[in-house]
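The following exercises are to be worked through with the sequence and the model in view. Each task is followed by a solution in steps.

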Amino acid sequence: MTVRVRFAPSPTGHLHIGGARTAIYNWAFARHHGGVFVLRIDDTDLERSTEENTAAILRSLRWLGLDWDEGPDTGGDFGPYYQTQRADTYEPALEHMKANGRAYPCFCSSETLEARRDTARAKGGFSGYDRTCRAIPSDVAMARIDAGEPHVWRLAVPSDRGDIIVNDLIRGETRFPGDAMDDFILMRTDGTATYNFATVVDDWTMGMTHIIRGDDHLSNTPRQVVVYEALDAPVPAFAHMSMIFGADGKRLSKRHGATSLESYAEEGYLPEALLNYLSLLGWSLDGETTLFDRETLVREFDLSRVSTSPAVWDPEKLDWMNGSYIREMDAETFVDTMAPWLEHAGFVTAADFAASREWFLKLVPLVAERIKHFDEIAPKVAFLFTEPTIEPSVREKVLEKDGAAAALSAALEALAAVEFRTEDIEAALRTVPETTGVKAKVAFQAVRVAVTGTTVSLPLFESLELLGKERTLARIAAALQMAVE
RNA sequence: GGCCCGUUCGUCUAGCGGUUUAGGACACCGCCCUCUCAAGGCGGAGAUCACGGGUUCGAAUCCCGUACGGGCUACCA
């Protein structure tokens, strides 16, 4: 049997980290088994669902490198792939359940329901629907419906159903007491299907073989199992992964920082790194391997290795991992990736990149091992495109230090005499401590500040080569003025 | 309140009854490298396996309970 799995986000916002991981696991599972990965947009929350959000979610999934075999944009034999467009399948499903006595109309008002629930809960024990309307003879019920009385349709949980056992692929056997099962609402007064009814009908009619989702749905599973049974539909296999928490042990939310995948893209994280990191949040390849590519994930992914306990989102580890991927990039790709960041900073234009590609390629090794994500790049290379301003405190600490002026003067002279290549620049600057008696560290820091404006910079000799002789000498001369004043 | 799930270094995890002085990764600390910062190399500290009972010759691993955390308990999804 072909494996069919789905990712069914609600377009009420951008793709969240947790949703992204659910998508990855479903995708990896499908690809591992040569199955079908389906994307369905669960847009039944009309109030909050938007087309923009749907588009953003698709964009984020693609950015991650996930592809789907069936979905809203790709089509497929099991469409439509928007839940709102599947509403006409719920009515026949309900008819089936009416016919076999597994659905019944309920005329209880929300208010009486609420009151009964409160008293039941106060007494302790079962607080679900008390099945009042289940006792109404069907001809009476039909008459009331015909008379136009408002009603919902409820699931009739068989009284002899017994415990519902879910053999979860991640957590193993989970048993839910049958007598704690609620005759929950399938169809609302307005004729729309509730979540637990709609998803089951959708998953069934779309031929899903495995439902892989967050464990916030674990408690919904026995309810859904009973619906499958009432529909005489095959029950799919379930796998519930734990959720992602923030550092405080609460569900990850906005107050923990960026939670949408899009914001990570905007900060210059690489999709490969996010995929890798997210994969490892609740799954392990072998306990040792931390860096792996998409093909390895597909080859090795296994639900039995998915963790049962919640994982805490760790931005520092993501940073490390992203940095690691950045360092592994080849220079050409790096240049292409950094281009938009430098353009956005206003340093260069796309044309500059094409014209000076060699120059940019030289910049790569200097900056690659110093950033964790691409939005850190602009400040590090700013001195190459704009005139640095030297903070008074830096000026005092470095340029006005004893020997700094002498060192700058000597550096100016030595550099003026050489070709501007890294090796020659280094050789020239190394003569400065000898000729002036100024300590190398002091001399080099003076030059660094003169040229970059900062005490921390990219490697000095290489930086000077990239800056070029003219600009370098001008900046050192200007700094020398400051030093002697 | 009821039902369900979870609990191994700060964090992600390995571990599926003896091979464990509980392994790896991030973070942290130290040393090396070194023109600053990184990156890299080497080393270190860090977990009485939530707690309490069992079962067993033997338990992080199996069972029960307790605590704590989370989820569901809606005419939300």
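**Exercise 1: The surface near the RNA**

By class, 21 nonpolar, 21 polar and 24 charged residues make up the surface near RNA strand B. Here nonpolar covers Ala, Val, Leu, Ile, Met, Phe, Trp, Tyr, Cys and Pro, charged covers Asp, Glu, Lys and Arg, and polar covers the others, Gly among them. The model is predicted: local features need pLDDT of at least 70 and side-chain atom pairs pLDDT 80 or more, while totals for chains, interfaces and linings use all residues. Residues are numbered from 1 along each chain as its sequence is written, chains are lettered from A and ligands numbered from 1 in the order in which they are written, and side-chain values use heavy atoms, without hydrogens and water.

*Solution.* 
1. A residue is near the strand if one of its heavy atoms lies within 4 Å of it.
2. Among the atoms of RNA strand B within 4 Å of the protein, 70% belong to sugar or phosphate and the rest to bases.

**Exercise 2: Cysteines**

*Solution.* 
1. A disulfide is a pair of cysteine sulfur atoms within 2.5 Å.
2. The whole structure contains zero disulfides.
3. Buried means under 20% relative accessible area, exposed over 50%, and partly exposed in between (1.4 Å probe, protein chains only). Cys108 counts as buried because its relative accessibility is 16%; Cys133, at 6%, is buried as well.

**Exercise 3: Helix H18**

*Task.* Which residues of H18 are buried, and which are exposed on the other side?

*Solution.* 
1. Helices are DSSP runs (H or I, at least four residues), numbered from the N terminus.
2. The buried residues of H18 are Thr422, Ile425, Ala428, Leu429, Val432 and Pro433.
3. These residues lie on the same side of H18, because they cover an arc of only 155 degrees around the axis, taken from the directions from the helix axis to the C-beta atoms.
4. Glu423, Glu434 and Thr435 are exposed on the other side of H18.

Terms used: Helices (H or I, at least four residues) and strands (E, at least two) are DSSP runs, numbered from the N terminus.
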